[in-house]
Amino acid sequence: MSKKLIVFYSRADENYVSGEIRQLSIGNTEIAAGMIKELTGADMFKIEQCKPYDKHYNACIAQAQDDQRRNARPQLKAYPENLDSYDVIYLGYPNYWSTMPMAVFTFLEHFDFSGKEIHPFCTHEGSGLGRSMDDIKKLCPNAHVGEGLAIRGGSVQHCQSKIGTWIEKTR
């Protein structure tokens, strides 16, 4: 049986959800990651920046967009010691301007994913997976990147069956 890890980037505080800015105590991607954990029993690791984005939505998106424009690699608080014991990685992130937050790029560039299965899932408010699948394949050329799952952030609370169907496809 393969050993599984859920790696995700998620942001609480002010978020754009279903057409309005809302205060979230837990980010949408973290909610989805928790559902995946319930269904798979996988270990979890949250990607966190040393310098988090602002808690206010408009300031956050300005910072995140600037990082993307500069192709920045934000420094992360921590990494798993290694990924050697994991065969399957569920990789979660919100869609930021058609791809992953730059902190996820930092994480993916830190490890060699050769021979691993990566199953991406993202939360969004209308833009789906964007080009994130292509970006993951470029960053992890020797990994098998499976079918991605796009979850509308505003409906993440009600997507457990959708996640369950996707997980079954990954087996």
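Which residue in strand 5 does Phe 8 stand opposite? The views below, taken from a predicted model, begin with that pairing.

**View 1. Strand 5 and its two partner strands.** Phe 8 stands opposite Gly 92 in strand 5. Strand 1, residues 4-8, runs parallel to strand 5 and is joined to it by 5 bridges. Strand 5 also pairs with strand 6, residues 117-124, in the parallel sense, over 7 bridges. In this pairing Tyr 93 stands opposite Cys 122. Between strand 5 and strand 6 the chain passes through helix 3, residues 102-110, in a right-handed β-α-β crossover.

**View 2. The two faces of strand 5.** In a regular strand, side chains alternate between the two faces of the sheet. In strand 5, Val 88, Tyr 90, Gly 92 and Pro 94 point one way, while Ile 89, Leu 91 and Tyr 93 point the other way. Strand 5 is largely enclosed by the rest of the structure, because 7 of its 7 residues, 88-94, are buried.

**View 3. The largest pocket.** The volume of the largest pocket is about 420 Å³. Its lining has 18 residues, and those closest to its centre are Tyr 16, Tyr 57, Pro 94, Asn 95 and Tyr 96. Helix 2 gives the most to this lining, with 3 residues. By class, the lining of the largest pocket has 7 nonpolar, 9 polar and 2 charged residues.

**View 4. The second largest pocket.** The second largest pocket holds about 310 Å³ of space. Among its 16 lining residues, Ser 10, Arg 11, Asp 13, Pro 52 and Tyr 53 lie nearest its centre. The lining of the second largest pocket has 8 charged, 5 nonpolar and 3 polar residues.

Notes:
Residues are numbered from 1 along each chain as its sequence is written. This is a predicted model: local features need pLDDT of at least 70, side-chain atom pairs count only at pLDDT 80 or more; totals for chains, interfaces and linings use all residues. Side-chain values use heavy atoms; hydrogens and water are left out. Buried means under 20% relative accessible area, exposed over 50%, partly exposed in between (1.4 Å probe, protein chains only). Helices (H or I, at least four residues) and strands (E, at least two) are DSSP runs, numbered from the N terminus. Two strands pair if DSSP finds at least two bridges between them. A crossover is right-handed if, with the strands pointing away from the viewer, the path from the first strand over the helix to the second runs clockwise. On a 1 Å grid over the protein atoms alone, a cavity is a set of points where a 1.4 Å probe fits but cannot get out, and a pocket is an open set with protein on both sides within 12 Å along at least five of seven lines; lining residues have an atom within 4 Å of a point. Grid points are joined across faces, edges and corners, and a volume is the space filled by probe spheres set on the points. Ala, Val, Leu, Ile, Met, Phe, Trp, Tyr, Cys and Pro count as nonpolar, Asp, Glu, Lys and Arg as charged, and the others, Gly among them, as polar.
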